[in-house]
Amino acid sequence: LTVEQALELQQDLLQGFSDEGFRQKLAELRHGPSSQNSNKFRAERQKLVLAVQSEVLPKYGFEGSLSGVLQMMQAFNEPHLAQNEEVFRLGGAIEQIL
C-alpha cells in the first residue's frame, strides 16, 4: 500500500463514517440499551463500522471482512505509513468520529 493509496483509503473511510445515516446509527447505539452493556455495544459498533469498511476495503485490495480489516491495520503499521504525518492525522480524524 503506497502512501497515496493509504490516504485515499482513509479519505474513503472518513467519508463513509461522516455520512449522516452512519452517524445517526452510531448515535442511536451510543444512547440505546446496548450502550449499558459494553460487550454488546462493541459488537454492534463493530458491525456498523464493518458495513462501511466492507464497501471501501476491496477497492484497495483488502477483503471486505474482519480479516481484511486486520490486513489493512497491519499494512498501516508499515514504517512508511506509520511515520507519515498525514496518515496519522487522518487516522486521528477517523478515530474521533468512531
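What joins the side chains of R89 and E86? A polar contact of 2.6 Å does. Such a contact is a pair of N or O atoms within 3.5 Å; within protein, one must be able to donate a hydrogen and the other to accept it, and residues adjacent in sequence count only if both atoms are side-chain atoms. R89 sits in helix 6 (residues 85-97). Helices (H or I, at least four residues) are DSSP runs, numbered from the N terminus. R89 is partly exposed, at 47% relative accessible area.

This is a predicted model, in which local features need pLDDT of at least 70, side-chain atom pairs count only at pLDDT 80 or more, and totals for chains, interfaces and linings use all residues. Residues are numbered from 1 along each chain as its sequence is written, and side-chain values use heavy atoms, with hydrogens and water left out.

**Accessibility**

Buried means under 20% relative accessible area, exposed over 50%, and partly exposed in between (1.4 Å probe, protein chains only). The table lists residues by this scheme.

| Residue | Relative accessible area | Class |
|---|---|---|
| Q10 | 5% | buried |
| F17 | 1% | buried |
| F22 | 5% | buried |
| L29 | 13% | buried |
| Q53 | 11% | buried |
| S54 | 24% | partly exposed |

Q10 belongs to helix 1 (residues 3-18). Leaving aside residues up to four places away in sequence, Q10 touches F76, E86, V87, L90, G91 and I94. Contact here means heavy atoms within 4.5 Å.

Q53 lies in helix 3 (residues 38-56).

**The aromatic pair**

F17 is also part of a ring pair. The count comes to one aromatic pair. The rings of F17 and F22 have their centres 5.1 Å apart and their planes at 45 degrees, so the pair is tilted. The rule takes rings of Phe, Tyr and Trp (its six-membered ring) with centres within 6.5 Å; planes under 30 degrees apart count as stacked, over 60 as edge-to-face and the rest as tilted.

**The largest pocket**

The largest pocket has a volume of about 720 Å³. On a 1 Å grid over the protein atoms alone, a pocket is an open set of points where a 1.4 Å probe fits, with protein on both sides within 12 Å along at least five of seven lines; lining residues have an atom within 4 Å of a point. Its volume is the space filled by probe spheres set on the points, which are joined across faces, edges and corners.

The lining has 26 residues, and Q53, M72, M73, I94 and E95 lie nearest the centre. Helix 1, helix 3, helix 4 (66-76), helix 5 (79-82) and helix 6 each give two or more residues to it. By class, the lining holds 16 nonpolar, seven polar and three charged residues. Ala, Val, Leu, Ile, Met, Phe, Trp, Tyr, Cys and Pro count as nonpolar, Asp, Glu, Lys and Arg as charged, and the others, Gly among them, as polar.

L29 lies in helix 2 (residues 20-31). Its C-alpha atom is separated by 9.9 Å from that of K40, 11 residues apart along the chain. S54 is in helix 3. The C-alpha atoms of S54 and L66 are separated by 8.6 Å, at 12 residues apart along the chain.
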